[in-house]
Amino acid sequence: MKKNKFSLKAVAIVLAVSLLASYVIYQCVLLSKDEMETQFALTETVYNTIDTKCFVVRDEHFIKNNVNGTTVSFAKNGERVASGDTVSMIFKSSDDAVSYLKISELEKSIAHYEELSGQANFQTLNIDSLTDKIDNELIEFLEARDNRQYDEAIESADVFRDSLTGKQIATGSSLDFSKQLATLKNELTTLQNAKYAYTEVKSDSAGYYINGSDGYESTIDFKKIDGITVDNVTKALESKPQAVASDVVGRVVGSFTWYIVCAVDTDETINLSYDERIYINLPYQGVERMPVTLHKIGDRTSDKTLLILSCDLMDESLADLRIEDIQIVTEEYTGYKIPNSAIRTVDGEKGVYVVRGNLLGFRKIHILYSTDSYSIVDNPDGESGYIKLYDKVVTKGVELYDNKLV
């Protein structure tokens, strides 16, 4: 009898100790989790750049007209025009100009409502696909806005609005556009029957059109681009715009090639060479990795060296460039960006610990580029045992080892 009591007491003690040990282990695991921080391994590109100011030189020719009135541009900045093309109209009164522009707005609105009316007759749209489309269009609008691509933002907003209306129709909303269409068509007919007094302004030559003038067209002679010096660039960057003649209504850039000139620290040009194809960023214009050619490098005999970059691209965002902050990309690295706090050395190998399921695992890394705070790493040969995209990398933690329960 005493033996049975002793056995029961021993079992109870063992169970109590086991429960206490389990509780302690559980608390340690919780504490370990609380102290651990992670982030996903995501692909990112970083650059080494030469940061400086530049001056843009183009083969610019003025379009002139001495007619007084309100000028309305019909060609977009950066748009290619042929000799004899109408680039703008000068109206005798601002009211005529507003009314003439209103015609094209009304025509677009009528086409828009007629398209929506057609959708109202077909309600076979897939709601899930349409919802995904709406989400993507909203993202496109926000990206265009954030990048200051305002024309694209306006177009994206219009497409987004139409898709929302389409979803209303597809989900059973009854929308009648007949009144709007009747009103718009009556207004359009009235404006089309009116008489407008205007003068057409035509381009005398072929090239890229740019509206107006910024007063810097003659600061550096395009035809003498190969003869400019560091001093010429410095003076251009410090210069003020010249007065613009009252009869100048626009410009045509005759040459496909235009130039970006700058003076940079000579030490930064060591790895650059003639005719090299490189990239530049224009951070305040939202332009990244624009390809250019290194047309000329100065003689590198003083603290500053002349760089002339050539480019044959043109669009609305590039047409207005003149004095700009520029980043000349000398090196770029693409890989997984991780904080240096995550990097550890195990058996002579640099790597990181990652969380997979509820276990830790050590994954090797190949470091491409480092700063004081982060590194860009990759797996150059696709070997096993290396970091992978979307790995959950431990950036903070203690007592890390393979197969540790977390």
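User: What does the accessible surface of the protein come to, and how much belongs to carbon and sulfur atoms?

Analyst: In this predicted model, the accessible surface is about 24,000 Å², and carbon and sulfur atoms hold 51% of it. As for the interior, 36% of the 406 residues count as buried.

User: Which residues make a nonpolar surface patch?

Analyst: Phe-40, Leu-42, Leu-389 and Tyr-390 do, and their patch covers about 420 Å². Take Leu-389: its place is the loop between β19 (374-378) and β20 (392-396).

User: Is Leu-389 buried or partly exposed?

Analyst: The cut-offs settle that: buried means under 20% relative accessible area and exposed means over 50%, with partly exposed in between. Leu-389 has 36%, so it is partly exposed.

User: Now a charged side chain, please. Where is Glu-217 found, and why does it count as buried?

Analyst: Glu-217 is in the loop between β8 (207-211) and α6 (230-238). It counts as buried because its relative accessibility is 13%, and the cut-off is under 20%.

User: What does the side chain of Glu-217 have as polar partners?

Analyst: Its side chain makes a polar contact of 3.0 Å with the side chain of Ser-213. A polar atom of the Glu-217 side chain also lies 3.1 Å from the backbone nitrogen of Asp-214.

User: Which residues does Glu-217 touch, leaving out those up to four places away in sequence?

Analyst: Glu-217 touches Glu-60, Phe-62, Arg-251 and Arg-322. For the whole protein, among contacts with a separation of 6 or more, 76% join residues 24 or more positions apart.

Terms used
Residues numbered from 1 in each chain as written. Predicted model: local features only at pLDDT ≥ 70, side-chain atom pairs only at ≥ 80, totals over all residues. Heavy atoms only, no water. Helix = DSSP H or I, 4+ residues; strand = E, 2+ residues; numbered from the N terminus. Buried < 20%, exposed > 50% of the residue type's maximum accessible area, 1.4 Å probe, protein only. Polar contact = N/O pair within 3.5 Å; in protein donor to acceptor, adjacent residues only side chain to side chain. Contact = heavy atoms within 4.5 Å. Patch = residues over 30% accessible without salt bridge, like charges linked within 9 Å, V, L, I, M, F, W, Y side chains within 5 Å. Areas by Shrake-Rupley, 256 points an atom, 1.4 Å probe, with all protein chains shown as cover. Salt bridge = Lys/Arg side-chain N within 4 Å of Asp/Glu carboxyl O.
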